[in-house]
Structures are given as structure tokens and as C-alpha cells.
Amino acid sequence: MGMFYRTWRIIRLKTQKLPPTPVLWLCWCHCHTGPDVVLQLNERRGAVNDQVTKRHKKERSPCQPVLDHFDQQYNQELGNLWTSARAVLLDPRSWQYGVMLNRFSTVTDITQILQSQGFSNLLPQTDVSTLLYNGPSMVSNSKHQAGEDFLLPPHYISKCPPNVSHPQPDSTSRTLGQDLQSEPSLTLPHPSLQCYIHPYPLRFPSQAHRPGQLKQYYLLNAASLLPVLALQVRDGEKVLDLCSAPGGKALAIMQCATPALLCCNEPDPHRRDWLTKTLESFLPHSLNRRVIVSAQDGQSFGPSEAGTYDKVLVDAPCSNDRSWLYSCSSQQGEQRLKERGRLPALQAQLIRSALSVVRPGGVVVYSTCTLSSSENYSVVETVLNGCPEAEPEDLWEEIAVPLSKYFAFSPAHPGHGGETLHKPSLQPQNGNVSSYRHRLGILVVPQPGKTWGPMFLSRIRRRK
């Protein structure tokens, strides 16, 4: 890794001297077959030459107890769709990665480099117009840069400044929001959510921390942007990211708009430290009073903040299928499976907490990175059955249809073991079961050539 970061710094310093179509330090992962090929740039006699070397990475073995459990559950819930999803999850070399650009960075060459390597913008202006809700476009054609891998080695990231660090749990964003009314207007780049993807599993290099400079891009599973699109954040709104670490979705929110307040909540101290370092690496100091980090228990978020927020994102703790499948030991995998049954109750309470702090007419988006119906549709059903003020919104036409070119969505939620829905307004009408299921949420299922996900998302509006 040390060689990689040194090489990347050389490339950054030599950018203007490279030919019009530069070659980056890239990792090519052949889909399903072949070893990783690493393209390294080395300087020789004052010129940059390309040297191709092959590195055979050690194959990761799946955790058998977890795989057996997934086979039993997902064969029943997903049917034939699980067969192809299973093949993708068992082949990490086929996984694709997105490059989300950071609009607050000032360097302008990353877009050209990405395009020269065959990357394309996942969200061009013409494609996202249907994803917006009576507001200005979140995406522009202007060139903003980006930067960073979501797995950040701590020694590459500087400490968060004192005025960005964790507020006391009893401090409320309502007070902060009132203070922001007197804050001078900021001059910031135009909101622009840009994520570049490649049709093959081509890895763009992660970027080291650069003292005094913001990172230019963030590497992520592109499906994790869908909950942020569903949230439809606008300039001037107050937004709560209830389970914020490691911070990727908070960064995406800040690419979409400039909210009056973004409260990033994370109760776990180690994950909270990771979160604050991520924010410090991507956001300018001028946003320190608008983007804060909170340490409250998300299940009982501050009662004094009832009705404070316009939008709340609940990217809940879940049985992360990709991670769990590669548990470091069978013992760890079995322990995780024992804990899995307790997750739905936690997830439901997080949604209830979010509904209590969103204003009437405001929106809560719930998301997970698991295929498990019991943590997705069933959790949403449970909350809706007990919250008469909550109304789900269909995301199929808004998100699934326009983005089906890039993502594989489960066509409709198969039968599951959730509760019987008692709310008459949510019962299937005219026999349209599919429409009813889509109102509960949409599910991205990894498939060959579209390896993004798993990602479930559901949008719930609090009635006025």
C-alpha cells in the first residue's frame, strides 16, 4: 500500500505533464476468470513509463455456516434470482465499484482521467430529472472533482478540527439551526452528485490523505447512492443521518444539496471517530457549523428535537450479506447468525425514532445492505402497522425504472413471514399486489454485469 500511495502522489504532481489520455494505477479484475492485473506507473529517466505486473490475490473463502443459511433463506425468498446473486457474491473479483466525485475539491483532471479509462457518469443530467422532486437538478454538467475509498486507514487521515468534533448528546440541532439563520451566506460549488462507474470490475485507486487538501473522490458500492436519491434533499433543509458511520451517504447528501443542517449521528465511539475523519477529509471548514456529529442513541433520538428535521436517513445496522459471507471464521459466522434475529426489532425502533423527529410532511428513508426480507419489507410493515401517521411511497417508477440499465431490481417482493398488514390504505387495490409490494420498498439484487447491492430502500412520509 505504501508504494501505491507514493505512486499516486507522483501521478498527482505530474498530471500536467502526462499525455492527453493518461494511464492511472489501476486494478483490473476480470469478471469471473483471470487474476488481478495491476498497472503501475513508474518514472524512468524523467519519463513516465507503464509497467504491467500480475498479482495473484489470495482467494477469499466464504463462511460455510453463513452460506448455508443464505441458501436456505434466499432460495425461498428470491427463487431463481438467488442462484445468480449467489454466484456474484461468491466472486469478489467481479464486484464493481463507483467513484463519487467531491464537488468541494478544486482539482479538475479526475473527470478526464475517468472518462479516458472508460468510466461513465451513472447520473447524467438527462437521466436524473425523473428522480427529482419539484426542485433544481442535483446533477450538473460542470466538472467537480472527488475523492476517496470508504475503507480509510486511520493513519492516512488527519484529526478532525475541534469545531467539527462531537457535540454533547444534550446539545440540539434546533438551537444550532436557529444560530444558522444569522450565518452569512456561503459561496459553494453548485450541487452536483456525480458517480462514475465502469461496465467491468475496474478498481480506481484509493486516495491518501493530503494535509491541507480535500480528497477528490470516494469509492463505494454505487447502490448506496439510491437511498440518498430517494431522500431528495434540497438546499436549506435540515437533515438527520441517524446511523451515519462511516460517512459515505452523508458525503453524498452534501453533493446533492447544501442543507441548512446535516446532523450525522453515530453512538459507537470508534465508528464516530471514523465518521468525523471522513467528513474532515471531504468537506471544507466553511461547512463546520452546518455539518455536525452527534453521539446519541438512534433508538431514542433527542425528545427535544421532535419535528425538527425535514428529511431523515436511517441506513440501519443490518446483516451485511457481503461482509457476513466472508466472516473470518465459522465461529464468528455462527455468532452473527444468532444475533441476526434481534436486528428487526432494532431496525423498527430506529424508524420509529426517525418518524418522531421528522416534521409533519417530512420524509424518512430506510435502507439496508441485506437481501433478508425480515430486515427489509417486514420491518417496514411492522412500523406502518403501528404508526397511523406514516405513509409509504412507491419508489419503483421514480428510481427502479429509470436506473434499471445499471441496477438489477427484484421485480416484486415474494412471500415472506411478516405480519399481516392491518392498514386499509395499504392493502392491495384491484388485485395489484406488485404495486403494494413496491410501496413497501425496492430491492437491488447483485447480478452478473450489474453487481451492485444488496441494497433495500423504502421511503415513508409523515402525514401532515
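Which residues do ring pairs link into a cluster? They are Trp396, Phe407, Phe409 and Trp452. Before going further, please note that this is a predicted model, in which local features need pLDDT of at least 70 and side-chain atom pairs count only at pLDDT 80 or more, while totals for chains, interfaces and linings use all residues. Residues are numbered from 1 along each chain as its sequence is written, and side-chain values use heavy atoms, leaving out hydrogens and water.

**Aromatic rings**

Rings of Phe, Tyr and Trp (its six-membered ring) pair if their centres lie within 6.5 Å; planes under 30 degrees apart count as stacked, over 60 as edge-to-face and the rest as tilted. By this rule the count comes to 12 aromatic pairs. In one of them, the ring centres of Trp95 and Tyr326 are 6.2 Å apart with planes at 70 degrees, so this pair is edge-to-face. Trp95 sits in the loop between H3 and strand S4 (98–101), and Tyr326 in the loop between helix H10 (321–325) and H11, so to speak distant parts of the chain, 231 residues apart. Helices (H or I, at least four residues) and strands (E, at least two) are DSSP runs, numbered from the N terminus.

Is Trp95 buried or exposed? Trp95 is buried, with a relative accessible area of 6%, and Tyr326 is buried too, at 12%. Here buried means under 20% relative accessible area, exposed over 50%, and partly exposed in between (1.4 Å probe, protein chains only).

The rings of Phe407 and Trp452 have centres 6.4 Å apart and planes at 55 degrees, so their pair is tilted. Phe407 is buried at 2% relative accessibility, and Trp452 is buried with a relative accessible area of 2%.

**Salt bridges**

Side chains of opposite charge can pair when their charged atoms come close. A salt bridge is a side-chain nitrogen of Lys or Arg within 4 Å of a carboxyl oxygen of Asp or Glu. A search of the whole structure finds 14 salt bridges, including these:

| Asp71 | Arg86 | 2.8 Å |

Asp71 is buried at 17% relative accessibility, whereas Arg86 is partly exposed at 27%. Glu391 is buried as well, at 18%.

**Helices**

How do H2 and H11 lie to each other? The axes of H2 and helix H11 (residues 330–340) come within 8 Å and cross at roughly 40 degrees. Axes are lines fitted to C-alpha atoms, for helices over the stretch in contact, with angles running from 0 to 180 degrees between N-to-C directions. H2 and H11 are therefore oblique to each other; angles under 35 degrees count as roughly parallel, over 145 as roughly antiparallel, 65 to 115 as roughly perpendicular and the rest as oblique.

Leu78 is found in helix H2 and is buried, with a relative accessible area of 11%. Finally, helix H8 (residues 248–256) is mostly covered, as 9 of its 9 residues are buried.
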